[in-house]
Amino acid sequence: MNIKDLSDEILFTPGHTACAGCGAPPIVRNIMKIFGKDTIIYTPANCLLVFGGTYPYLAWKVPYFHEAFENTGACISGVARALRKQGKKTLVVGIAGDGGTYDIGIQALSGAAERNEDVIYICYDNEAYMNTGIQRSGSTPYGAATTTTPAGTKIPGKLDHKKDMAEIMRAHEVPYVATMSIAHQRDFLEKAKKARDVEGFRYLHIISPCPTGWRFDPSLTIEMSRKAVDSGMWTLFEAEYGEITNIYKPKKKIPVKEYLMGQGRFRHFTPEMVEELQRWVDHKWKRIYGEEP
Ligand SMILES: Cc1ncc(C[n+]2csc(CCOP(=O)(O)OP(=O)(O)O)c2C)c(N)n1
Ligand code: SF4
């Protein structure tokens, strides 16, 4: 990654209304340094729409539009096709939350991937429906307390494990899939650049810590992004046409407990629940790295 690849212009400006420490603004600000001005952004309903995309207080300095919650894949497909007909190379990018990706948007997303539309789809993953008050999504990790999976006497938080959305997208055998974390800055920018330069369907999946929903100190956002990777809760990889081409392996794997400790959503965890989440991570680790953790 050369510094000259980065745009000097700030295309997602400060002054938006995200909570302090929200992971999403640094994600989009850095992504836009790579994508540059000739980009059109679509967001469905989510926090990013509300804190950066409400007229007349738009934080975006590129064309930006919003339609409905469930149709990101379809909207960006149509825009990209119209632009290509006009001979324009403009990047067409949809940025959805995990609710808008794992659950409600998966049908339009899968269709766009199957048709190999010339677009970039980004999921910023804060592991719940944050904008509407922290409801669980298909991305919420096992045991996490949300407002629809409250930890108490009836249930101990979410009963199911997190769905592996990046693997689902890899199975579509699209030109490019990458998972990212803002704690790994160079890797982040290089993957964004690759996505920018590839033609056809590209899927970027980025962990986006949410101090409000995860209940941690807003100064620890980058640390959360890093610990997620070091514990194996989040895996960094690239895949081209379904084949994994690059996987980051943490130098020293930390116990899942170390990642959970600083977050209020896991505060009620019993030793058995920590063990269950560790078992899930170890199983994923073995599947990905082909060796015991
Ligand atoms: C069809 C439809 N159902 C429900 C909503 C209400 N709604 C707006 S934003 C949102 C949550 C979005 O969650 P997610 O995609 O995870 O993004 P986040 O808010 O966490 O950034 C919901 C449920 C809606 N706008 N449209
Ligand atoms: S609720 Fe979470 S995702 Fe939404 S703006 Fe606040 S910190 Fe960001």
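Student: Which residue follows H5, and what is its phi?
Tutor: This is a predicted model. Helix H5 spans residues 106-114. The residue that follows H5 is Asn116, and its phi is positive, near 50 degrees.

Student: Which residues of helix H5 are buried?
Tutor: A residue counts as buried if 20 or more other C-beta atoms lie within 10 Å of its own. In H5, that applies to Ala108, Leu109, Ala112 and Ala113.

Student: Why are the buried residues on the same side of H5?
Tutor: The residues in question are Ala108, Leu109, Ala112 and Ala113. They lie on the same side of H5 because the arc they cover around the axis is only 135 degrees.

Student: What covers the buried residues of H5?
Tutor: The cover includes both helices and strands. Among the helices are H3 (72-85), H4 and H6 (165-170). The strands include S4 (120-125) and S6 (202-207).

Student: Why is helix H9 largely enclosed by the rest of the structure?
Tutor: H9 runs over residues 221-231, which makes 11 residues. The helix is largely enclosed because the number of its residues that are buried is eight.

Student: What do the buried residues of H9 pack against?
Tutor: The buried residues of H9 include Met224, Arg226, Lys227 and Val229. Together, the buried residues of H9 pack against strand S6 and the helices H8, H10 (256-261) and H11 (271-289).

Student: Which residue comes just after H9, and what is its phi?
Tutor: H9 ends at residue 231. Just after H9 comes Gly232, with a positive phi of about 90 degrees.

Student: Which residues have the most contacts inside the largest nonpolar core?
Tutor: In soluble globular proteins, nonpolar side chains tend to be buried together. Here the largest nonpolar core has 81 residues. Its largest share, seven residues, comes from helix H1 (residues 24-35). The residues with the most contacts inside the core are Ile76, Val93 and Ile122.

Student: Which helix supplies the largest share of the shell around ligand 2?
Tutor: The shell has 13 residues, and the closest are Cys19, Cys22, Cys47, Cys210 and Thr212. By class, nine are nonpolar, four polar and none charged. Helices H2 (47-52) and H8 (211-214) each supply at least two residues. The largest share, three residues, comes from H8.

Student: Which residues come nearest to ligand 1?
Tutor: The shell around ligand 1 has seven nonpolar, eight polar and two charged residues. H2, strand S3 (91-97) and helix H4 (99-103) each supply at least two of the shell's residues. Of the 17 residues around ligand 1, those that come nearest are Asn46, Gly97, Gly99, Met130 and Asn131.

Notes:
Residues are numbered from 1 along each chain as its sequence is written. Chains are lettered from A and ligands numbered from 1 in the order in which they are written. This is a predicted model: local features need pLDDT of at least 70, side-chain atom pairs count only at pLDDT 80 or more; totals for chains, interfaces and linings use all residues. A nonpolar core is a set of buried Ala, Val, Leu, Ile, Met, Phe, Trp, Tyr and Cys residues joined through C-beta atoms within 7 Å. A residue is buried if 20 or more other C-beta atoms lie within 10 Å of its own, exposed if 12 or fewer, and partly exposed in between; C-beta atoms are placed from the backbone. Helices (H or I, at least four residues) and strands (E, at least two) are DSSP runs, numbered from the N terminus. A residue is near a molecule or strand if its C-beta atom, placed from the backbone, lies within 6 Å of it. Ala, Val, Leu, Ile, Met, Phe, Trp, Tyr, Cys and Pro count as nonpolar, Asp, Glu, Lys and Arg as charged, and the others, Gly among them, as polar. The arc is that of the directions from the helix axis to the C-beta atoms. Two residues are in contact if their C-beta atoms, placed from the backbone, lie within 7 Å.
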